[in-house]
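Here are my notes on the model, point by point. Have the coordinates open while you read.

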Amino acid sequence: WISPKDAINFSWEGTVKVKVTISPKGYISNIVLLKSSGHDSLDKAFINTIMTSYRFKPKRKMGKNAVDKLILEYTFKL
């Protein structure tokens, strides 16, 4: 595993794109990597941040909570 400091030292940059599935209760039920930054540690860092820090409201459809899918991306740039 590469630390954030190592990633900076190596001048790693790139864009990560993922598809996130949100359950009817607002929890993340699945994350699929759609586009890698080209660096596994950057990809994992973004996915880990989504899992630990992002909060979602459930999608409402006809007055009821429903499954939703979102595309999220992040660009690591120095």
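1. Ground rules for the strands, to begin with: two strands pair if DSSP finds at least two bridges between them, and helices (H or I, at least four residues) and strands (E, at least two) are DSSP runs, numbered from the N terminus. Residue numbers start from 1 along each chain as its sequence is written. This is a predicted model, in which local features need pLDDT of at least 70, side-chain atom pairs count only at pLDDT 80 or more, and totals for chains, interfaces and linings use all residues, while side-chain values use heavy atoms, with hydrogens and water left out.

2. Now the hairpin. Strands β1 (residues 14-22) and β2 (residues 28-35) run antiparallel and are joined by six bridges. T21 sits opposite N30 in β2. Five residues lie between the strands of this hairpin, and G26 there has a positive phi near 90 degrees.

3. Setting aside neighbours within four places in sequence, S23 is in contact (heavy atoms within 4.5 Å) with S29, P58 and A66.

4. K25 belongs to the loop between β1 and β2 as well, but K25 counts as exposed, at 68% relative accessibility.

5. Which residues make up the largest nonpolar core? The nine are V16, V18, V20, I22, I31, F46, I50, F56 and L72. A core here is a set of buried Ala, Val, Leu, Ile, Met, Phe, Trp, Tyr and Cys residues joined through side-chain atoms within 4.5 Å. At least two residues of this core come from each of β1 and α2 (40-53), and β1 gives the most, with four. As background, nonpolar side chains tend to be buried together in soluble globular proteins.

6. F46 deserves a click. Not counting residues up to four places away in sequence, F46 touches V16, V18, Y54, L72, E73, Y74 and F76.

7. How many salt bridges does a search of the whole structure find? That search finds one, where a salt bridge is a side-chain nitrogen of Lys or Arg within 4 Å of a carboxyl oxygen of Asp or Glu. The partners are D40 and K44, with the closest N and O atoms 3.1 Å apart. Both lie in helix α2, four residues apart, about one turn of the helix. K44 is exposed, at a relative accessible area of 52%.

8. Two backbone spots to check. S11, in the loop between α1 (4-9) and β1, has a positive phi near 60 degrees without being a glycine. M62, in the loop between β3 (59-61) and β4 (64-66), is not a glycine either, yet has a positive phi of about 55 degrees. M62 counts as exposed because its relative accessibility is 80%. For context, most residues other than glycine have a negative phi.

9. Finally, I71 lies in strand β5 (residues 68-76) and is partly exposed, with a relative accessible area of 47%.

Terms used. Buried < 20%, exposed > 50% of the residue type's maximum accessible area, 1.4 Å probe, protein only.
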